[in-house]
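Have a look at the sequence and the model, then read on.

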Amino acid sequence: MSVIVTDTGFQPDDWTGGYVSPEDLPPDDAPPSPLAVALPSDAHPEALAGQLDRIAMIRVDFPGPADGRGFTIARRLRLMGFRGRLRAGGHVIADQYAMACRAGFDEVEIPDALAARQPEDQWLFRANWRDHDYQARLRLDPDATTPYTQR
Amino acid sequence: MSRQFTPKVVTANALIEGDVIYLTADDRWTRHHHEAELIEDHAHAQLRLLFAERQKSTVVGAYLADARRGRDGPEPVHFRETFRAVGPSNYPHGKQAGLIDVQI
Amino acid sequence: MYRYDDFDAAFIRARNAQFRAQVERRIDGSLTEDEFKPLRLMNGLYLQLHAYMLRVAIPYGTLNGARMRQLAYIAERWDKGYGHFTTRQNIQFNWPKLRDVPDMLDALAEVEMHAIQTSGNTIRNVTADHFAGAAADEIEDPRPVAELLRQWSTDHPEFQFLPRKFKIAVTGSPNDRAVTKAHDIGLRMVRDAAGAPGFEVIVGGGLGRTPMIGKVIRDFLPKADLLPYVEAIVSVYNLLGRRDNKYKARIKITVHEHGAEKIRALVEERFAQLRPQFSGVDQARLAGIEAHFAPPDFVSGPTDAYATERDTNPAFRSWSDTNLAPHRNPDYAIATISLKAHGGTPGDATAEQMRVMADLAERYAHDELRISHEQNVVLPHVHKSDLPAVYAALAKAGLATANIGLISDIIACPGMDYCALATARSIPVAQEIATRFGELRTEHDIGPLKIKISGCINACGHHHVGHIGILGLDRAGVENYQITLGGDGTETAAIGERAGPGFAYDEITPAIERLITGYLDLRSGPEETFIETYRRLGAAPFKAALYPESTRRNAA
């Protein structure tokens, strides 16, 4: 089982629809249904170009806490215009929560054992990820209301 | 038995101080190489390494280092282990400050 | 010099609080060592051979008296009374305890310093020409841009877990004192046809196991495009760089395997996507940063005292011959303080010496100090009339060694005496060579010569770009030293060529002596430097000097 982490803390996983891989996306003329795509950490997000509007959720895999490809993948997906739910899943540690959010993720999915070792308070410690962000300072228009990661 | 086993000691760094430490036969960690347990067979070496690796809140990076029997206990074989046992050669800031009778 | 604003100060406070909590969570088991290690590394904390080591950033090598004095305080309070200046303009403390490190970081924050991203697979401390803002040959001071890069790379959410470390160097001069061609990204300031300053962008240089000279992927990048362009490079690398083999993970291998053309195309494509993200807010910040680097109020006054002292004090004359460089203001000089006393540890300074240097900076050098990648300290702005007083104070503190650019001004990594990665010692080799040539009193006759020593293939001692490079290896459990010849770390960068079989620990200094004797015989005159003679004659006569026995055997 997994735990979902957001700025409000731990929640159970409410996504029950399963995922498809980018190669298994149904054809464009298939009947619409909420699509969720699982991307491995070596995926090239460009593979989803032109498809993003019909994808409700993308889960990017983090095989280990030293593999930072998922952060660039997330940022590229946002820059390509993805507005759906973006999840970092796997071996992400509490110390990476702020990076994940700043890169464009909405939530982090971690296994129960990791949630037990790094309990909710360690994640909530970085729920202030909008603060102290050099990137925001270097590119955010002072009048803009959305963080640079979402634009 | 297959090939001859080079005797070993279990060594690591202490998590808090960072010091070089060695596992003793009575399950303590010592700062002194000559107090380490000299392990003379492969199976026992693996067991002792596992024992060391389980102590995650005390030690970091446990491994088996070649050693040989010396006058006062185990001595390092490789020059890297000699430096770890003694300290740097440019200042007397390492263990050499408190050691006597060590060949650099 | 850049001063933190409220944002910078609050950032450092928050970051230090995070690290303090991370240390506690490592100790209570919330974090495994595998999880903690990248976190401590991105805060500058290594676990070395004998102890932890804290590497503190000195961004683009610039500091002032108060900061230097605080480094002295830290050395005494939590370490063993000294610090080691490195080839990347950092300072290392070799003996901290894990529980003390958060306090050390807080002490650094008091003087607007930190240890962030001095290690780990992140964008490291940005280095720059150590003569920046003072050099006579400069287009523009590169430090404002380096500071902008520091802010941009600090805690960048995409780039904290790259395939491997990532080093950026900037120079504002055509004469490259920042080794830009041996960096992951080198930025060399140039002017376009209209005279506007921008950058030549060099990618994929690096030393280590596979030394490479970087390739130019943009001849001219306007200054305003810098952040999106650099972000594009690192972003392309983050997905393309290899993660299966640590020795093939640097961008130099990515560039080598995919080709500079492909990398350029990917970067340009990504740049087009990122450029609109930077609306100019970064340029407004840059303008604000530039104000911090306004030149000091140079004093005009007679410089006779300097000329008089040169005429009457031979020791001062000798020091001023080697340790001074031309300043853009003719009444001033750039004074380099050698941390290479013969027989000392290259790059080390005691707390007491740090305080002396801090005092001198405040009194005579517009409160500025620089750390060079050659592991020396620089007083960048000294009025010539003050040089005799500066020299006298340095001499009293054991800091007046007159050897900048000479054979005893050796770069050496910490090597096996401290480093967990080393395969052989470096420091004692440097000590012995410097001591020997100090005794011979020939180094001024030998002239400009760069010896660089690394204690392992990772090449922190830059041996590949030494005129004479020395690489310490472990050959069947014994230290062995390989010599390379003809390397160059400047704008005419070249990787040195291996001379032949290695030498045992006690053979290396005699080998260097043979090489130097050979050079003195070969040179066309005292004006021809070692590297010039090498370039004129090639490696063969130098190899003959180095290996006389094999030459005799071949002749027989």
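B:D27 counts as exposed because it has 11 C-beta neighbours inside 10 Å; with C-beta atoms placed from the backbone, 12 or fewer others within 10 Å means exposed, 20 or more means buried, and anything in between is partly exposed. This is a predicted model, where local features need pLDDT of at least 70 and side-chain atom pairs count only at pLDDT 80 or more, while totals for chains, interfaces and linings use all residues. Residues are numbered from 1 along each chain as its sequence is written, and chains are lettered from A and ligands numbered from 1 in the order in which they are written.

B:D27 isn't a glycine, yet its phi is positive. Over in chain C, C:V179 also has a positive phi without being a glycine. With 27 C-beta neighbours inside 10 Å, C:V179 counts as buried. Here are the two, with helices (H or I, at least four residues) and strands (E, at least two) taken as DSSP runs numbered from the N terminus:

| Residue | Phi | Loop |
|---|---|---|
| B:D27 | about 65 degrees | between β2 (20-23) and β3 (29-30) of chain B |

Chain C has an open sheet of five strands in the order β6-β7-β8-β9-β10, with mixed pairing; two strands pair if DSSP finds at least two bridges between them. At the edges sit β6 (127-128) and β10 (215-222) of chain C, each pairing on one side only. Inside chain C, β8 (residues 185-191) and β9 (residues 197-203) pair in the antiparallel sense over seven bridges. C:M189, for instance, has C:F199 in β9(C) as its bridge partner.

Helix α8 (residues 260-274) of chain C packs on the sheet and touches β9 and β10 of chain C, where contact means C-beta atoms, placed from the backbone, within 7 Å.

How do α5 and α9 of chain C pack? Helix α5 (residues 143-153) and helix α9 (residues 281-292) of chain C meet at an angle of about 130 degrees, with their axes 9 Å apart; axes are lines fitted to C-alpha atoms, for helices over the stretch in contact, and angles run from 0 to 180 degrees between N-to-C directions. α5(C) and α9(C) are therefore oblique to each other, as angles under 35 degrees count as roughly parallel, over 145 as roughly antiparallel, 65 to 115 as roughly perpendicular and the rest as oblique. On the α5(C) side, C:P144, C:E147 and C:L148 meet residues of α9(C) including C:R285 and C:I289.

Key. Contact = placed C-beta atoms within 7 Å.
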